[in-house]
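Me: I have a structure open here and some questions about it. Can we go through it piece by piece?

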Amino acid sequence: MPNVIILVLIPFLPLASFLILGLFGKSIFRNTSGLAGTLSLFVSFLLSIYTSFGYFFEYGKANGIYQKLVPLKLSWLEFSNGLSIDMGIILDPISVMMIMVVTFISLMVHIYSLTYMKGEERFSTYYSYLSLFTFSMLGLVLSSNIFQIYIFWELVGVSSFLLIGFYYNKPSAVAASKKAFIVTRFADLGFLIGILVLSFYSGTLDFNTLIQRLTSPGSGELKTAVTTSFLGISALNWGLALVFMGGAGKSALFPLHIWLPDAMEGPTPVSALIHAATMVVAGVYLVARLFPVLALSAPEVLELITLVGVITALIAALIACTQTDIKRVLAYSTMSQIGFMMFALGVSGYGGSNGIGFTASMFHLFTHALFKALLFLGAGSVIHYVHSNEMKDMGGLKKHLPITHITFLIACLAIAGVPPFSGFFSKEGILLAAYEHNPAVFWLALATSGLTAYYMFRLYFRIFWYKASQQHKHHGEGGFAMMLPLILLAVGAAVAGFIPFGRFVSSDGSLLTLPFHWLFSIAPVTLGLLGIFSAMVLFKKENGKADQISSFMSRVYKLVYHKFYVDEIYLFITRKVLFSMVGRPAAWIDRNIIDGLVNLSGATTKAVSERIKVIQSGKVQHYGLYFLFGVIGLGVLLIYVIKF
Amino acid sequence: MNLTLLIIAPLITAVTMLLMRNAQQVKWTSLVGSAIQLVLAFALLFVFQNERSAGNTEQMLFQQNYTWFSAWNIHFHVGVDGISVAMILLTAFVVIAGVLVSWNVQKMVKEFYLMLILLSIGAYGFFLSLDLFLLFFFLEIAVLPKFLLIGIWGSGEKEYSANKLALMLMGGSALVLVGLLGVYFAGSERTFDLLKLSRLPIPQETQRLLFPLLFAGFGVFTALFPFHTWVPDGHSSAPTAGSMFLAGISMKLGGYGCLRVATYILPEGAKEYSTIIIALAAIAILYGAFATMMQKDLKYINAYSSVSHCGFVLLGIGMLTKTAITGAVIQMVSHGLMTALFFAVIGMIYDRTHTRSVKKLGGLLKVMPFITTIFFIVGLCSLGLPGFSGFVAEMTVFMGSWERPEIPYRVATIAACMSIVVTAVYILRAIGQTAMGPVTEERYMTLKDASWNEKLAAVILITGIVVIGVAPFWLNDLVAPGAHHIIEKISQLNN
């Protein structure tokens, strides 16, 4: 059985590192903060390896099926209605895979940042934030309770906010961090209400119980959840779709993606960790976690997920072709790949060989984490060298940055789906699943994967070839601490495809071999090569062809370059609608009408008392007169009215 | 434990302060006095938990009952349940923090501290009272110092604000008084005793008549929409500690009164009016949040956000479920701590930069990292980040509210949920403008970070916020049985 102390240490070592570096980083550690953070994470990484070996090879299986183990569950907040938020640890193939991914990528980023962030004034703060993020992310993937996952969900959100805004004196970074937080918060609103709906109908917040109650056909909970409907959609579908909204926000799916490109304002290693490899796939993870319910009881929601996924994949790939900031290209590429993972889940069935999509999605999540982190770290190395994010400042860098060049090339080949690099295998699985379940999705996905190859190699050629060599910079590549992660990740990105992933991760825990057909691969590989070739023609040498093409289709190009004006639409809604039509009137009404009434009543009282105070004149004659009137009045009253 | 200690201790502090000669002595006396209050509050928590774990399930513990005015059957009757213990703890936290941040007050130091201590006497007495007359007596004790705090030590349009606040709160008190007398004469026995009254059958018609009086009366204190307009003006004119006490303690008197007096004694009235309450609460939550979004002055931001946050208290009470009421009480504690800290930070920033305008501030993180970090923490707590108390409170309210499947309740709950987005918008705007970005004015570069007293105050309040946020179960277990007693009659009505 799993060792609970070790399991708890995996997230708590980063937490300890966060607290210690956050409180004493500046005073005690200073420049050694990085080492301290890295060391604690290294231990955490070793423990994750230990745990995953134990899970996959020793105690994870019962009767050949991987079990969902909950070795730890502590009641955190018990509501009076029987629902309870527990702090627990769940061990199943996807959570074990995720702790490996998170600790490994995070470790790479920790090491890389030792050089990349050196000399930064808030060096220890940076590492404490990284630790906070790692802790939250590990907590998220290990959550055994849907409310627990929401708690950590918010915590990764805030660490992302803090890290995007790390260069806090740059107004654009501040704006980006706010945007990221608010957009994902909006999505989390859906998540929260979804949780409320699901918990109301299932009567539990615990994942295992929830899944069990909402998938067993005879259960009363399922029956009420399906039969109760609102606006023609069943309560169950509402709940799951709302939860998916949270996932869509965090995973930057269209139309909640607008924060991700801006999030590139953060330090580049942070983008590699949070906005490429780990946090942005949290939405995929969430859908995978609830997958049995979706597949068995709510196929409609799964269709929604497919739709959103495939749209995101395509749109993001199109936009990526036009961007000139290399980090933004990578950001859109991340979006697009997450779209792949999402629709792979969407087209997947549950159990046995139906679950190819599920396995392929998780596989792609895994390989994507490796090659995308590599791409970002490589981009970081380039940015470190030229001090700019813009393509126009780059070109011909292959001589100056040889290691970066080779590793970047490997990553590009992997993401473009060129065999035998890792991306090829995982993407094949996804395409196959799409082909079997939904041809329309398949064709769109195929087109997108061609685009992927194009925009990645556009980036590659533009950075490393294009112009003849730039003016020489004084320093070369970033040194050992920056190169080691690149090399390790490149090895991973190159060979990870050969992992028999279906042996470990499948929709129902049973063994699955991802099917593989040479014939089927011809189309995507050819398209990929075509994409690479066209990028080569356009960008290997400086020539005007690319500009000619873009000016040829200038209208379309502009539309895509401006990201289909989605940002502008949002801006309109927030500025013109929420601020001008809700916020300002609310503030005005409060000051003028509601408070106006208060002041009016005050003023009336005052005015009335001004008028009647003259009665109290202090002159005896007046009082005598009032007295006389009073006596006469009373007399009249008593004699004539009451007839005393 | 002898509960009168909690009233006597601040009384002794006040008397000792009168004997002190200089400002320094006064400050230290009040600091020691408030530290003693904190110790007493923790002692109360401790003995209370002990009694409970020993199996004492009586509703009110440590009761003391003396006849005060026999002709009217008025008693000095005190006792506590989990809810009162939680509120007393909150009061003790806010008092010591308020005393600490006022260390630099120059004008009439003795009188200033006297007001603070007097206010705390009113609050403790209020939370302890089990006799309605006594409760009203302490409520009035708590109102007067606020008027003076704002009128004398305030800033801006202080006379206007002080008058407005005092008049509106007095108006609320008047409603309460009428309601109390109504209750007194409505029962079959002439009594002000809370526990007795809760068992007396009060005719439904009377309940319907009296409930709005009591609820609205107390509601004025806790910024019940539309009687909330004293909040922004009062806060913005009050001195830092005044704002802290006002929002941290005084607004909680109202919430507690709504719960303990109106809802508990008049359950049928509560049931009758619950849809109106939740509608007003939901309006306050969203409307307060949207109004906050447009504010440019830090104090106005927190004042309007208090309107929004106190809406959660009223929402929880109006839902009339055990979980929601527990959530309402947790929200009172959480908001009390959080808002006190928020005003403390604003005070610290204002003392240094002499401005509270969001537009003029900027880049403070570079200049005063400690203060700005507190600002971040309190902001994140305000927008309901897990790990801080606000999250626990709001989620408990949401969970409890969702138990009511009827359409109006659902609508109100979803509206309340929406505020988590709007809150994020205004908090991040405030933080982004003031703490982040480039330093806007040259003179900010030389400003000093927090002094020892400010640090200590912040640490005390943050401890409270984090302890509740990380380990909420103890507070939940403390409050839930109390909520159960309040809701008991209503659940009987439902069955």
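Reply: Start with B:M108, which sits in the loop between α3 and α4 (109-128) of chain B; helices here are DSSP runs of H or I with at least four residues, strands are E runs of at least two, and both are numbered from the N terminus. The model is predicted, so local features need pLDDT of at least 70 and side-chain atom pairs pLDDT 80 or more, while totals for chains, interfaces and linings use all residues. Residues are numbered from 1 along each chain as its sequence is written, and chains are lettered from A and ligands numbered from 1 in the order in which they are written.

Me: What is the phi of B:M108 near?

Reply: Near 45°, a positive value in a residue other than glycine.

Me: What about B:L320, where is that?

Reply: B:L320 is in the loop between α12 (298-319) and α13 (322-353) of chain B. Its phi is also positive, about 55°, although B:L320 is not a glycine. With 25 C-beta neighbours inside 10 Å, B:L320 counts as buried.

Me: Switching to cis peptides. Which residues does the one in chain B join?

Reply: B:F225 and B:P226, with omega about 0°. B:P226 lies in the loop between α8 (204-221) and α9 (230-237) of chain B. In chain A, the bond from A:F254 to A:P255 is cis, with omega near 0°.

Me: Now the chain contact. How many residues of chain A are in contact with chain B?

Reply: 37 residues of chain A, which meet 41 residues of chain B; contact means C-beta atoms, placed from the backbone, within 7 Å.

Me: Which element of chain A gives the most?

Reply: α6(A), with 12 residues on the side that touches chain B. Two or more residues also come from each of β3 (69-78), α5 (146-164) and α24 (566-612) of chain A.

Me: What does β3(A) pair with?

Reply: β3(A) pairs with β4(A) in the antiparallel sense over 7 bridges; pairing takes at least two DSSP bridges. The two strands form a hairpin with 5 residues between them, and A:G82 in the turn has a positive phi of about 95°. A:K73 stands opposite A:G88 in β4(A).

Me: Why is β4 of chain A called largely enclosed?

Reply: Because 6 of its 8 residues (84-91) are buried.

How values were computed
Contact = placed C-beta atoms within 7 Å. Buried ≥ 20, exposed ≤ 12 C-beta atoms within 10 Å, placed from the backbone.
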